[in-house]
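Open the model in your viewer and keep the sequence panel beside it. The stops below follow one another, each with something to select.

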Amino acid sequence: MSLRAGVLAVQGDVSEHARAIERAAAAHDETAEVVEIRESGLVPECDVLLLPGGESTTISRLVHREGIAAEIEAHVAAEKPVLATCAGLIVAASDAHDDRVETLNLVDATVERNAFGRQKDSFEAPLDVAGFDEPFPAVFIRAPLIDYVGSDVEVLASWDDRPVAIRHGPVVGTSFHPELTEDPRVHDLAFFDSVES
């Protein structure tokens, strides 16, 4: 099986996410064709979609301006998997507590930008993630805080009693950067578990 994986390439660790998707696919004896998305018309061709980190105000502005936002919403409505990390989670949320960010309302959760601190406050933590046998080495960089989740949202992981990984339907969202490790389990959870279930 070959999977077409779209990575929103406005900002963020695009190449790192592409490698993580390819590693996760290889673990299933599959291949992944990674497509960098900078314009409309590509999302409908993708089996899975990734919204990476970066600057949430910039990402939000560009996906709406380029007509990509409606395609992402249609992707989720079709129950196709999405992984939204850090700023990607902010854009995917129902509310970012910031009028500059026009969210996509893909997950019933609200977030607070940069709640874990500035760049200098970045840290790595061993995270217990639902379904993982061993802790995941989560990297937090200017990470958003998930301060509310709806009743249909599953909390997959918490840090300091705060949700940092959630699932709502086909969307998995993380406050941290799973692409900044050689461990592909979060990408596997978001994409291949969803595809196979």
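Start by selecting residues 154–159, strand S9, and residues 162–168, strand S10: the two run antiparallel and are joined by five bridges. Strands, like helices, are DSSP runs numbered from the N terminus, with at least two residues (E) for a strand and at least four (H or I) for a helix. Two strands count as paired if DSSP finds at least two bridges between them. Within this pair, Ala-157 stands opposite Ala-165 of S10.

Before moving on, note that this is a predicted model, in which local features need pLDDT of at least 70 and side-chain atom pairs count only at pLDDT 80 or more, while totals for chains, interfaces and linings use all residues. Residues are numbered from 1 along each chain as its sequence is written, and side-chain values use heavy atoms, with hydrogens and water left out.

Next, select the turn of the hairpin. S9 and S10 have two residues between them, and Asp-160 in this turn has a positive phi of about 55°. Asp-161 also lies in the loop between S9 and S10; its phi is positive too, about 65°, although it is not a glycine. Asp-161 is exposed, at 77% relative accessibility. Here buried means under 20% relative accessible area, exposed over 50%, and partly exposed in between, using a 1.4 Å probe and protein chains only.

For another positive phi, go to His-97, where the value is near 55°. His-97 sits in the loop between helix H4 (87–92) and strand S5 (109–112). With 48% relative accessibility, His-97 counts as partly exposed.

Now look inside. How many cavities of 30 Å³ or more does a search of the whole structure find? The search finds one. A cavity is a set of points, on a 1 Å grid over the protein atoms alone, where a 1.4 Å probe fits but cannot get out; lining residues have an atom within 4 Å of a point. Its volume is the space filled by probe spheres set on the points, which are joined across faces, edges and corners. The largest cavity holds about 30 Å³ of space. To see its lining, select Val-129, Leu-156, Ala-165, Val-172, Thr-174, Phe-176, Val-186 and Leu-189. Strand S11 (171–174) and helix H5 (185–196) each supply at least two residues of this lining. Seven of the lining residues are nonpolar, one is polar and none is charged; the nonpolar class is Ala, Val, Leu, Ile, Met, Phe, Trp, Tyr, Cys and Pro, the charged class is Asp, Glu, Lys and Arg, and the others, Gly among them, are polar.

The last stops are salt bridges, of which the structure holds eight. The term means a side-chain nitrogen of Lys or Arg within 4 Å of a carboxyl oxygen of Asp or Glu. Select Glu-45 and Arg-4, whose closest N and O atoms are 3.1 Å apart. Glu-45 lies in the loop between strand S2 (31–37) and strand S3 (48–51) and Arg-4 in strand S1 (residues 2–8), so this pair ties together parts that are 41 residues apart in sequence. Glu-45 is partly exposed, at 44%.

Then select Arg-38 and Glu-36, a salt bridge of 2.7 Å from N to O. Arg-38 is exposed, at 51%, and Glu-36 is partly exposed, at 39%.

Finish with Asp-183 and Arg-185, where the closest N and O atoms are 2.7 Å apart. Asp-183 is buried, at 15%, whereas Arg-185 is partly exposed, at 23%.

Terms used:
On a 1 Å grid over the protein atoms alone, a cavity is a set of points where a 1.4 Å probe fits but cannot get out, and a pocket is an open set with protein on both sides within 12 Å along at least five of seven lines; lining residues have an atom within 4 Å of a point.
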